[in-house]
Amino acid sequence: GTPLRDLAAARGKVIGTAVTGSRLTGAYADIAGGQFGSLTPGNAMKWGSVEPSRGTYDWAEADQIVAFAQAHDQQVRGHTLVWHSQNPTWLTNGNWTPAQLSGLLQDHITTEVTRYKGRLAAWDVVNEPFNEDGTYRSTIWYDNLGPDYIAQALTWAHAADPSARLYINDYNVEGVNAKSTALYNLVKSLKDRGVPIDGVGLQAHLILGQVPSTLQQNIQRFADLGVDVAVTELDIRMQLPATDAKLAQQRADYRSVVSACAAVTRCAGVTVWGFTDSDSWIPDVFDGYGAATPYDENYAPKPAYDGIAEALGAS
Ligand code: G3I
């Protein structure tokens, strides 16, 4: 059949996948390069990956993924500059003043964004800033710098690469709820203040049969604020073992997520968080769950693959 990336392009959308650099060979590389129009490094661009000791950088995996994407005419989504997790221990164990932390964050953002200037379509600048009730998450950034760390991070990223689309990314913000409404209010206020915010990322780590009914409405309300929306980390986990009935439900769920994006002009596209069940974080974190991606562990497309293709107009 027609590759997903071509189906998506014909509708003005981009279909992407998270990837692991060390696996980009053989069948994994063929699928990543052939089926997807965008790559997101699953871990390679996180602060703990790129600066394991202070002032000592390791860009190998991130560079590898960007080069692979360029060779395959793909976009790259940078992920992620400011997060509470996967930071280097030298940073999290340090005894910093707020002014020092602000300086370290500015240096980090400027260094990393400058390295890939002009080559990334988008950056997840700030990742997971909210609690479920819509209050700000207590993090090294919020606790020391206050809520304005978000505006500052966006401003520093924009200065380093004015052409990258700058996103705030979070989970459990796919439907209309307290958390997504807090994100909505933040984006609205950033836009009102003239802070460079271009998009909202809905991670979409979903559970089988539980695609929020308000997904499309929620995408539309962000679009109406004048920002792009992307589904950035889609996976749909099920309790193992997978059965035909569960895989059929998963096909319907993938189709409804991709259809919701396809229906909204400002939805840029959908990225799956790993395209194969052998490269998924789910079994490591959710005991007894798995089979969350569109390809099985042997790289055979699952019914979910057909659900994505259908939503992108495959006949
Ligand atoms: O690299 C080490 C390896 O040397 C070691 O042998 C191995 C043993 O456990 O661990 C490896 O590191 C793991 C890393 O993934 C690379 O595989 C970490 O333990 C593991 O915690 C890490 O998990 C990543 C997770 O973020 C961390 O929070 C997942 O791969 C990654 O898919 C996941 O992605 C996040 C997004 O960034 C943000 N949204 C949620 C999403 C899922 O948690």
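So, Ser38 stands opposite Gln75 in strand S3. Before I go on: this is a predicted model, where local features need pLDDT of at least 70, side-chain atom pairs count only at pLDDT 80 or more, and totals for chains, interfaces and linings use all residues. Residues are numbered from 1 along each chain as its sequence is written.

Okay, strands. S2, residues 38-41, runs parallel to S3, and two bridges join them. Strands here are DSSP runs of E with at least two residues, helices are runs of H or I with at least four, and both are numbered from the N terminus. Two strands pair if DSSP finds at least two bridges between them. S3 also pairs in the parallel sense with S4, residues 122-127, over four bridges. There, His79 has Asp124 of S4 as its bridge partner.

Last stop, the ligand. Which residues surround it? They're Gly42, Asn43, Ser85, Gln86, Asn127, Gln203, Glu233 and Trp281. Near, in this case, is a C-beta atom, placed from the backbone, within 6 Å of the molecule or strand. By class, that shell has one nonpolar, six polar and one charged residue. For the classes, Ala, Val, Leu, Ile, Met, Phe, Trp, Tyr, Cys and Pro count as nonpolar, Asp, Glu, Lys and Arg as charged, and the others, Gly among them, as polar.
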